[in-house]
Amino acid sequence: MIARRSARLRGDYGPEFSYAHYVALPRIYHVGLALAGAGALVGAAKIGPLRRMLTRMNPPGSGPSPEVRAKSWFKVTFVGRAGDDPPVIAEVSGGDPGYDETAKMAGETALCLVLQRDMCKVQVACRPPRPPAASC
């Protein structure tokens, strides 16, 4: 959603710009398990007593322990295509995506916006705020 909005606001992404998310799973039956699990969770969240039970299991403000975060990881592969040129592939990976790496990415984004301010367009008051890519 943010990438599409940035493309719309900036205008220099081009008319052929598209963006999509995909999930790669090692086995086809994992797709069924993931869909069944997500469906069961969504269904349980709609039933009052089960929703309260789910909320008590992981109350707001609680999160993974430092030990669990130390074992967590993520890997994202980006594929960019433009016309007949060969695709550009970039892989980003790191530790815990929910806390540690997100904090790093937010900090790096803020530094880019501050240190490269001369590359950013003048921002006018608008609601909702512009995504970072549309600000530059």
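Let me start with a definition: a residue counts as buried under 20% relative accessible area, as exposed over 50%, and as partly exposed in between, using a 1.4 Å probe and protein chains only.

Hi everyone, a word on the source. This is a predicted model, in which local features need pLDDT of at least 70 and side-chain atom pairs count only at pLDDT 80 or more, while totals for chains, interfaces and linings use all residues. Residues are numbered from 1 along each chain as its sequence is written, and side-chain values use heavy atoms, with hydrogens and water left out.

Now the overall layout. The protein chain has 6 helices and 2 strands, where helices (H or I, at least four residues) and strands (E, at least two) are DSSP runs numbered from the N terminus. In order from the N terminus, the elements read α-α-α-α-β-β-α-α. Of the 136 residues in the chain, 8% are buried.

On to salt bridges, meaning a side-chain nitrogen of Lys or Arg within 4 Å of a carboxyl oxygen of Asp or Glu. How many are there by this rule? The count is 2. In one of them, D100 pairs with R69, with the closest N and O atoms 3.5 Å apart. D100 sits in helix α5 (residues 100-115) and R69 in helix α4 (residues 66-71), so this pair ties together parts that are 31 residues apart in sequence. D100 is partly exposed at 32%, and R69 is partly exposed at 23%.

E101 also makes a salt bridge, with K104, where the closest N and O atoms are 3.2 Å apart. Both residues belong to helix α5, 3 residues apart, or about one turn of the helix. Buried or exposed, what is E101? E101 is buried, at 13% relative accessibility, whereas K104 is partly exposed at 46%.

Next, the largest pocket, which holds about 1,300 Å³ of space. Its lining has 23 residues, and the closest to the pocket centre are Y19, A20, T77, F78 and V79. Strand β1 (residues 74-80) gives the largest share of the lining, 7 residues.

One more stop: H21, in the loop between α1 (2-10) and α2. H21 is exposed, at 64% relative accessibility.

Technical notes:
1 Å grid on protein atoms, 1.4 Å probe; cavity = no way out; pocket = protein on both sides within 12 Å on 5 of 7 lines; lining within 4 Å. Points joined across faces, edges and corners; volume = space filled by probe spheres on them.
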